[in-house]
Structure formats: structure tokens, C-alpha cells
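Here's a quick walk through one protein chain, with the sequence and coordinates to hand.

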Amino acid sequence: DRTISSLQKAAQLLALLPSGRVFVAPGNHDYALWGNFYSEEYIQAFDDYLFNRINRNTDGSFTVTRVVLSSDFTVRSMSARYPISYLINQAGQPLVALLGLNTIAEPTLDPSVLATGSIGGDQLTCIERYFFGSNFMPNLGQALGISQIAFFHHHPWTQSSTTMQLRDANQLMSQLRNKVDLILFGHRHEERRYEPSSVPMGGLRFGAIAGGSSREMAHAWEIDILNVNDWRFRTISLT
């Protein structure tokens, strides 16, 4: 099967990178034939042949704690179907929190949805409970000295294309504003760095980065987090 072969090759390539430094979230091409026709077989294959084969624990200089979020506090298996919290610790000190989300959380067999996505009610409840403290104290992570990043596949505010949009993007952004410092996403293959002032309705201290096409990009973004208030952004060549 070409899908399984591709996922296995991706896992092999990612395994060459330092352990504990790779975090992935599913997109429409992972869960659907041609990125449009969603299939339980594709969804399970992504977990079995890629997501669960990446070692995310440590590279020797830091450790990564993984927690699968649940809307009803039940224990869930490690799966890209659910939101995952990754906490990077160094010398026992939490430094960076990453929140990996699934924008194909409610896949449908209806072909009319094409390459659209959805966070879904269950996942939105997870996020709301995860950031419960920040509802009363915006940017709580900053006060605790923990830099916070959310990453997912679909573009969260370009909603002009009915075949590409994240259908509940407004609900997602209402949960992330003033709670995370930066968001990372892709989907449209249009690389761009969004400064905080260019993020619709604001609320992200360091803005956002949209990824371009991996087949065409000549550079990638590198982010150095020196401390919770001092982030350095630069591009590095891929050629």
C-alpha cells in the first residue's frame, strides 16, 4: 500500500533527527485519499506507522512530558486524534509548552467538504479546560516563565475558500488568544511570518508562522527562545 509505505519512509527520515525534537500533527492529506476523501484506514495508519513511532522523550539535554488531553478526564491512548500537550523541561524546570491539535478531529465521508477541517466540540472543550487558569489571567504562561506554542494543520483565519477553510476557526482562536505566544500551521502552502500586529484581532505575543510547500521551500524558520520574553526569529537555508 502506497500510503503505508510513505508513512514508514517518513518515520525513517524523522528518526534521523535528534530524539525528542520532532512533533507532528495530522492534516487532510494524512487522513484522506487525495486530501479530500476521509477514511478510518488512513487515520489509523497515521498513528500506527508514523505518530506512535517517533521517540519524543529526550535528546539528553532536556526531557519532554506528553499528556493526551481529554474533555471528560478519562485516560486516552496516545493518538494524533486527540490534542497533545508537550512540556519541555530542562534541569527540572519547565521551559516550553507545545499544544498539538488535530484539525481533522471530526472527519466526514461527505465529499462536499473537500479539504476543509474542524477542531470539533470535544477538542474545543479540552483546550478550554487546559487553559482554564488563563481565562482569569491572560498570558498565564508568561507569568510562570513558560513559553507556549500551539501547532496544527489548517489555516486559522483565511476563510475565503469554502473548500480549504477550518470550519470552526473562530472558536479555536477565541480559545488561543492571550493564552499562547505563537501558533504554527500550514495547509495552504503559502509561507508567511505574521507579526503580532498582523494577526486578526491580535492576542498572540509573537504572532504566527504559516508553512509553505516542503517541495518548494528554500528556507525554514528557526526560533531561539532565550527566555519567556526574548524570542529570536531567523530563516535558515534548506539548500
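## Before we start

Keep in mind that this is a predicted model. The numbers below are computed from its atoms.

## The nonpolar cores

Let's begin on the inside. The largest nonpolar core has 31 residues, and the members that touch the most others are Y31, F46, F51 and Y86.

Skip the neighbours within four places in sequence, and F46 is in contact with L7, V24, A25, P26, D30, Y31, F51 and A80. Two of the names on that contact list, Y31 and F51, also turn up among the core members that touch the most others.

There's also a second, separate core, this one with 24 residues, including C126, A150, L176 and I183.

## Helix α4 and its buried side

Which residues of helix α4 (residues 121-130) are buried? They are Q123, L124, C126 and I127. These residues cover an arc of only 155 degrees around the axis, so they sit on the same side of α4. What do they pack against? The partner for the buried residues of α4 is α6 (169-176).

Q123 deserves a click of its own. This residue of helix α4 has a relative accessible area of 3%, so it counts as buried, the cut-off being under 20%. Leaving out residues within four places in sequence, Q123 is in contact with Y82, P83, L101, N102 and A105.

## Salt bridges

How many salt bridges does a search of the whole structure find? It finds seven, and three of them are worth a look here. One joins E40 and R81, with the closest N and O atoms 2.6 Å apart. This pair ties together distant parts of the chain, since E40 is in helix α3 while R81 is in the loop between β3 and β4, 41 residues apart. Both ends are partly exposed: E40 has a relative accessibility of 47%, and R81 comes in at 24%.

The next one pairs E222 with R234, again with the closest N and O atoms 2.6 Å apart. E222 is in strand β10 (residues 219-227) and R234 is in strand β11, twelve residues apart, and here too the pair links distant parts of the chain. E222 is partly exposed at 25% relative accessible area, as is R234 at 44%. Then there's the bridge between the side chains of R232 and D230, at 2.7 Å from N to O. R232 counts as partly exposed at 45% relative accessibility, and D230 does too at 22%.

## I236 in strand β11

While you're looking at strand β11, find I236, which lies in it. With 29% relative accessibility, I236 counts as partly exposed. Not counting residues up to four places away in sequence, I236 touches A218, H219, A220 and E222. E222 is the residue that forms the salt bridge with R234.

For a sense of scale, try the distance tool on I236 and G141: their C-alpha atoms are separated by 28 Å, and the two residues are 95 apart along the chain.

Which residues make the nonpolar surface patch of about 330 Å²? They are L33, W34 and F37. L33 is found in strand β1 (residues 32-33) and is partly exposed, with a relative accessible area of 32%.

## Two positive phi angles

Most residues other than glycine have a negative phi. N178 isn't a glycine, yet its phi is positive at about 65 degrees. N178 is placed in the loop between α6 and β7 (182-185), and its 35% relative accessibility makes it partly exposed.

M201 is another non-glycine with a positive phi, about 70 degrees. Look for M201 in the loop between β8 (192-194) and β9 (208-210). Is M201 buried or exposed? At 75% relative accessibility, M201 counts as exposed.

How values were computed:
Residues numbered from 1 in each chain as written. Predicted model: local features only at pLDDT ≥ 70, side-chain atom pairs only at ≥ 80, totals over all residues. Heavy atoms only, no water. Patch = residues over 30% accessible without salt bridge, like charges linked within 9 Å, V, L, I, M, F, W, Y side chains within 5 Å. Areas by Shrake-Rupley, 256 points an atom, 1.4 Å probe, with all protein chains shown as cover. Salt bridge = Lys/Arg side-chain N within 4 Å of Asp/Glu carboxyl O. Helix = DSSP H or I, 4+ residues; strand = E, 2+ residues; numbered from the N terminus. Buried < 20%, exposed > 50% of the residue type's maximum accessible area, 1.4 Å probe, protein only. Core = buried A, V, L, I, M, F, W, Y, C linked by side-chain atoms within 4.5 Å. Contact = heavy atoms within 4.5 Å. Arc of directions from axis to C-beta.
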